[in-house]
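Dear colleague,

I am passing on the structure that we spoke about, with the sequence alongside.

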Amino acid sequence: MSFFATAEHEKERLQYFASPEGRDDLYQYNQKERRTVLEVLEDFPSVQMPFEWLVQLVPPLKKRAFSISSSPLAHPDQVHLTVDVVSWTTPFKRKRRGLCSTWLASLSPEQRIYIPVWFHKGLLPPPPPSLPLILVGPGTGCAPFRGFVEERAAQSLSCSIAPVILFFGCRNEENDFLYRDFWLSHSQNDGVLSEAKGGGFYAAFSRDQPQKVYVQHKMQEQSQRIWNLLREGAAIYVAGSSTKMPSDVMLAFEEIMSKESEAPRESAARWLRSLEKAGKYHVEAWS
């Protein structure tokens, strides 16, 4: 950009950014603020870069990966996605929004939009109907488990199914309770998540009371039921944010297994590792 800048002060600023001395300021200006190529060009209007240079320097848009949140048995010709609109505030208090999620949210349901789609095998293998399940999916982490529950509901019409318990979490019941009616309907009237079928649905709303409540707290409340399912050979599936959630959930399982079996935490940790090796503890986490 400095090579194509005609204003001397802009050329000097760009050369400073490219120098070892300007590395920290470049990080503050660009990476921390997540400036787009267009925004940088607007900040340096004297830069007249040839188009053929621009298309070589601008990186292509990255593919977006989403978990499928529907069952092929329930929706054979459809794929459902659960997408949260990404938004954040930069250190300089600028409002930023995600590119793909914001575009998806702007579409009308009546529109027909054709986009390239790739299907890849995920980290959460579809469980057989005879396998008891313990599902932990806070926020959009519940997406693949919506498909699991739909699949079990369809399978229940032709064969017997094992119990499923699901722990869901969000900030507020009124604003963030994804698929509220879906979960509640399947937790009643002998549904897949009903206690009558050995299952259960437990929701944690972290900001609806002075003391924060997360999925691991709800897990502790149901420690006996979790322990009983684990003794029956249940598989554990965890999906959601890759920050602290997966490790906090694993610690909660350790505590539950240690308490209910009256064994040391080290023994519980070894058992969890054995479940992972046996393909019965699955985690799909994203940032």
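Below are notes on the annotated domain, the sheet, the aromatic rings and a few single residues.

This is a predicted model, in which local features need pLDDT of at least 70 and side-chain atom pairs count only at pLDDT 80 or more, whereas totals for chains, interfaces and linings use all residues. Residues are numbered from 1 along each chain as its sequence is written, and side-chain values use heavy atoms, with hydrogens and water left out.

To begin with the annotation, an unreviewed UniProt entry places the feature "domain: FAD-binding FR-type" at residues 1–127; UniProt positions are in the numbering used here, the feature name is shortened, and such annotations may be inferred rather than shown by experiment. Over residues 1–127 the chain is 32% helix and 5% strand, with the end C-alpha atoms 53 Å apart. Helices (H or I, at least four residues) and strands (E, at least two) are DSSP runs, numbered from the N terminus.

Next comes the sheet. Five strands form an open sheet in the order β5-β4-β3-β6-β7, with parallel pairing, where two strands pair if DSSP finds at least two bridges between them. The edges are β5 (200–205) and β7 (281–286), each of which pairs on one side only. Neighbouring strands of this sheet are turned against each other by 10 degrees on average, direction ignored, the axes being lines fitted to C-alpha atoms, for helices over the stretch in contact, with angles that run from 0 to 180 degrees between N-to-C directions.

Strand β4 (residues 164–170) pairs with β5 in the parallel sense over six bridges, and G169 stands opposite A204 in β5. Strand β3 (residues 133–136) also pairs with β4 in the parallel sense, over four bridges, and here V164 in β4 is the bridge partner of L133. How many residues of β4 are buried? Seven of its seven are, where buried means under 20% relative accessible area, exposed over 50%, and partly exposed in between (1.4 Å probe, protein chains only). Both faces are covered, with V164, L166, F168 and C170 on one side and I165, F167 and G169 on the other.

Turning to the aromatic rings, a search of the whole structure finds 16 aromatic pairs. Rings of Phe, Tyr and Trp (its six-membered ring) pair if their centres lie within 6.5 Å, and planes under 30 degrees apart count as stacked, over 60 as edge-to-face and the rest as tilted. The rings of Y16 and F17 have centres 6.3 Å apart and planes at 35 degrees, so this pair is tilted; Y16 is partly exposed at 30% relative accessible area, while F17 is buried at 6%. F145 and F148, by contrast, form an edge-to-face pair, at 5.6 Å centre to centre and 65 degrees between the planes. These two residues lie three apart in helix α6 (residues 143–155), and F145 and F148 are therefore separated by about one helical turn. F145 is buried with a relative accessible area of 0%, and F148 counts as buried at 12%. Ring pairs also link F168, F177, Y179, F182, W183, F201 and F205 into a cluster.

Two charged side chains sit over rings, which requires NZ of Lys or CZ of Arg within 6 Å of the ring centre and within 35 degrees of the ring normal. K63 lies over the face of W118, at 5.1 Å from the ring centre, and the charged end of R146 sits over the ring of F182, 5.5 Å from its centre.

Most residues other than glycine have a negative phi. Y179, however, has a positive phi of about 55 degrees; Y179 is found in the loop between α7 (173–176) and α8 and is partly exposed, at 26%. E262 likewise has a positive phi, near 55 degrees, and lies in the loop between α11 (245–261) and α12 (265–277), where E262 is exposed with a relative accessible area of 74%.

K197 lies in the loop between α8 (180–186) and β5 and counts as partly exposed at 40% relative accessibility. Leaving aside neighbours within four places in sequence, K197 is in contact (heavy atoms within 4.5 Å) with P163, D190 and G191.

With best regards
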